[in-house]
2 protein chains.
Amino acid sequence: MKKFIVTIAREHGSGGRIIGKKLAENIGIAFYDRELISMTAKETGLSEAFINEIEDQKPSSLLYSLYMGTYVPNVYDEAFVAQSNLIRSIADKESCVIVGRCADYILREYENCCHFFIHAPVEARAKRIVEEYGEKVKDPVAAIKKWDKKRSNYYNFITQTKWGRAQNYNMTIDSSIGIDQSAGMIEDYLRHSGMLD
Amino acid sequence: MKKFIVTIAREHGSGGRIIGKKLAENIGIAFYDRELISMTAKETGLSEAFINEIEDQKPSSLLYSLYMGTYVPNVYDEAFVAQSNLIRSIADKESCVIVGRCADYILREYENCCHFFIHAPVEARAKRIVEEYGEKVKDPVAAIKKWDKKRSNYYNFITQTKWGRAQNYNMTIDSSIGIDQSAGMIEDYLRHSGMLD
């Protein structure tokens, strides 16, 4: 079996991370999600908490500083570049599933790469972050919407395309059909595309 | 088996119409695509050629006339309304697959409805419209891009959301995996969602 990479982008609370983990286990390849954070932290000397927050940065101030000609590379951008290099070196090395971190964009020119996006209705996601992830937020629906806005702003700024735009992915799935079912459908897609035997 | 509706939106040349037809045949339910055009033509007394062109209207002039307060309902809008009513009456009556015509939006509040979007890389679509559909165009890639722009303008204007936005659909598929495979994956999704036994 030739080396291949699967990237999974996901809405918060959609179960995308768990789907990616199940898929990696089922087909027996490596899985990278939070591992990327600790690896980037080691690489840059920055804290894991800081790296974790990269994706929540508001790009508007960066755009403004670019426009005004006052832009100088800052520590957020440096951490993003370090993380991107790390993702590429992992993809060069072994077959794997990578969740989040704009990996679909970072690896857009890689061959033998399939990109997926997992979403679900906002109410289902609000329920999941409270009941399954144990997140303590006053208004889970409002928290989800705020998170969506941050994540899409970040992705759209980095990639200059739209987060969740079907054409950026091989397949997108509403995970309401279930975690195992969604992981199974991604596996089927990989088989149909010839990546898996 | 309870009544259910499948809508399929598709990029031109992606094979979405054929995928919808195969799916309908495989699961034994009705199929509506160009049938909607002739039925709307009969209903309104307008020609099929005219109805066929509704989706290619530039919404910009309509927006402008709305903005200027000079808007009066025109024959395009009346044909759209007649077609929307027809789609709803079909959905009330029987299980079916409906291709195109903003059916996902028109039936957005219907229960037991699953929405799919089929796309493919522009080069593959350009090849398909020439080799399989027999379309005679000088520059197939340019023709595809022009068509995408028209179709997305129309959909975005009618629905006030984005054409091809993953969250508008239960699943989106890059049909490069093949026509039968794509139809099979939609059938699997319907089974996982409990619509098909």
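Modeller: This is a predicted model. Over all chains the structure holds 14 salt bridges.

Biologist: Why is the pair A:Arg17 and A:Asp33 called a salt bridge?

Modeller: The closest N and O atoms of A:Arg17 and A:Asp33 are 3.5 Å apart. The rule asks for a side-chain nitrogen of Lys or Arg within 4 Å of a carboxyl oxygen of Asp or Glu, so the pair counts as a salt bridge.

Biologist: What does the pair of A:Arg17 and A:Asp33 tie together?

Modeller: A:Arg17 lies in helix H1 (residues 16–27) of chain A, and A:Asp33 lies in the loop between strand S2 (30–32) and helix H2 (34–44) of chain A, so the pair ties together parts that are 16 residues apart in sequence.

Biologist: How many salt bridges does the rule find across the interface of chain B and chain A?

Modeller: The rule finds 0 salt bridges there. Between chain B and chain A the count is 13 residue pairs in polar contact, both residues being at pLDDT 80 or more.

Biologist: Which elements of chain B supply at least two residues each to the side that touches chain A?

Modeller: They are strand S4 (113–119), strand S5 (171–174) and helix H9 (179–192) of chain B. H9(B) gives the most, with 5 residues. The residues of this side divide into 9 nonpolar, 8 polar and 4 charged.

Biologist: How much area is buried between chain B and chain A?

Modeller: The buried area is about 1700 Å², and carbon and sulfur atoms give 59% of it. In chain B, the residues that lose the most area to chain A are B:Gln167, B:Met185 and B:His192, together 30% of what that side buries.

Biologist: Within chain B, how do helix H2 (residues 34–44) and helix H5 (residues 75–93) cross?

Modeller: Their axes come within 9 Å and cross at roughly 120°. H2(B) passes H5(B) in a right-handed crossing.

Biologist: Which residues of H2(B) meet H5(B)?

Modeller: They are B:Leu36, B:Met39, B:Thr40 and B:Thr44. Their partners in H5(B) include B:Ala79 and B:Leu86. The residues of this contact divide into 7 nonpolar, 3 polar and no charged.

Notes:
Residues numbered from 1 in each chain as written. Chains lettered and ligands numbered in written order. Predicted model: local features only at pLDDT ≥ 70, side-chain atom pairs only at ≥ 80, totals over all residues. Heavy atoms only, no water. Axes fitted to C-alpha atoms, helices over the stretch in contact; angles between N-to-C directions. Helix = DSSP H or I, 4+ residues; strand = E, 2+ residues; numbered from the N terminus. Left-handed = near helix turned anticlockwise from the far one by under 90°. Contact = heavy atoms within 4.5 Å. Nonpolar A, V, L, I, M, F, W, Y, C, P; charged D, E, K, R; others polar. Buried area = accessible area lost by both parts, 1.4 Å probe. Polar contact = N/O pair within 3.5 Å; in protein donor to acceptor, adjacent residues only side chain to side chain.
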